[in-house]
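Trainee: I have a structure to read and would like to learn how to go through it one feature at a time. Could you guide me?

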Amino acid sequence: MLNALKDVRTMKALLTRAEAEAVQSGDDLPGPEHLLLSAIELPDGTASAAFGRLGVDPNDFRSAVDRAHRDALGQFGVAVSSELLSDLPGAEAPSGPYRMTSPGQQVFQRAFALAKETKPSLLRSAHVVVAVCEQDRGTVARALQAQGIDRERLAAAAREALAAG
């Protein structure tokens, strides 16, 4: 029962923060990048530890996401400065049932399944890291590539962080 309560608290913190990340970036719904940004902030610290095991500052991921968004817009001939991206008006805070993009749902469901495979079966931030690393397309994949981070190595580092504590 105690583990279930911890899982609920972790899920609420993860999803609430992901939603805030999406709103802050002007997106209607949170996606995998918002889940990873949220996971980096979770107090269990395993997501941050995974980045640290590769010698990468996890806080640099936000800048990499901004660059990935800017580059994607640039492919359509839209030039956007970093300042403009950071000054986007936030989307309206959602109300009602929690919603996210389809890739975001896939990441969340996979992270939860990974948590159930480990002992103790608690959702931890590194589970989100492993889940996003399994996606070979999208903003997360482009942002990690821009940072020079191999997704397989990051997933392995996340698994090590989970095993360490």
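Trainee: Which residues line the second largest pocket?

Mentor: Let us begin with the general idea: rolling a probe the size of a water molecule over the atoms shows where empty space is left. In this model, which is a predicted one, the lining of the second largest pocket consists of Leu114, Glu117, Thr118, Lys119, Pro120, Leu122, Arg124, His127, Val130, Arg159, Leu162 and Ala163. Two or more of the lining residues come from each of helix H6 (102-117), H7 and helix H9 (151-164), and H9 gives the most, with three residues. The volume of this pocket is about 170 Å³.

Trainee: How many nonpolar, polar and charged residues does that lining have?

Mentor: Sorted by class, the lining has six nonpolar, two polar and four charged residues.

Trainee: What pattern does the chain follow along the sequence?

Mentor: Reading along the sequence gives α-α-α-α-α-α-α-α-α, in keeping with a count of nine helices and zero strands.

Trainee: What share of the chain is buried?

Mentor: Here a cut-off is needed, since a residue is called buried when its relative accessible area is under 20%. Of the 165 residues in the chain, 42% are buried. The accessible surface of the chain comes to about 9000 Å², and carbon and sulfur atoms account for 52% of that surface.

Trainee: Why is H7 described as largely enclosed by the rest of the structure?

Mentor: Helix H7 covers residues 125-133, and nine of its nine residues are buried, so this helix is largely enclosed by the rest of the structure.

Trainee: Which residues have the most contacts inside the largest nonpolar core?

Mentor: Leu35 and Phe61 have the most contacts inside this core, which has 41 residues. Two or more core residues come from each of helix H1 (2-24), helix H2 (32-41), helix H3 (46-53), helix H4 (61-74), H6, H7, helix H8 (139-146) and H9, and the largest share, seven residues, comes from H7. Leaving aside neighbours within four places in sequence, Phe61 touches Glu33, Leu36, Leu37, Ile40, Val140, Ala143, Leu144 and Gln147.

Trainee: Is Glu21 buried or exposed?

Mentor: Glu21, which is found in helix H1, is buried, because its relative accessible area is 2%. Beyond its neighbours within four places in sequence, Glu21 is in contact with His34, Leu37 and Arg62.

Trainee: Where does Pro30 lie?

Mentor: Pro30 lies in the loop between H1 and H2, and with a relative accessible area of 2% this loop residue is buried. Setting aside neighbours within four places in sequence, the contacts of Pro30 are with Ala18, Glu19, Ala22, Tyr98, Arg99, Met100 and Thr101.

Trainee: What separates the C-alpha atoms of Ala157 and Leu54?

Mentor: Although these two residues are 103 residues apart along the chain, their C-alpha atoms are separated by 7.2 Å. Ala157 is found in helix H9 and counts as buried, because its relative accessibility is 3%. Apart from neighbours within four places in sequence, Ala157 is in contact with Ala50, Arg53 and Leu54.

How values were computed:
Residues are numbered from 1 along each chain as its sequence is written. This is a predicted model: local features need pLDDT of at least 70, side-chain atom pairs count only at pLDDT 80 or more; totals for chains, interfaces and linings use all residues. Side-chain values use heavy atoms; hydrogens and water are left out. Buried means under 20% relative accessible area, exposed over 50%, partly exposed in between (1.4 Å probe, protein chains only). Helices (H or I, at least four residues) and strands (E, at least two) are DSSP runs, numbered from the N terminus. On a 1 Å grid over the protein atoms alone, a cavity is a set of points where a 1.4 Å probe fits but cannot get out, and a pocket is an open set with protein on both sides within 12 Å along at least five of seven lines; lining residues have an atom within 4 Å of a point. Grid points are joined across faces, edges and corners, and a volume is the space filled by probe spheres set on the points. Ala, Val, Leu, Ile, Met, Phe, Trp, Tyr, Cys and Pro count as nonpolar, Asp, Glu, Lys and Arg as charged, and the others, Gly among them, as polar. Accessible areas come from the Shrake-Rupley method with a 1.4 Å probe; for residues, only the protein chains shown count as cover. A nonpolar core is a set of buried Ala, Val, Leu, Ile, Met, Phe, Trp, Tyr and Cys residues joined through side-chain atoms within 4.5 Å. Contact means heavy atoms within 4.5 Å.
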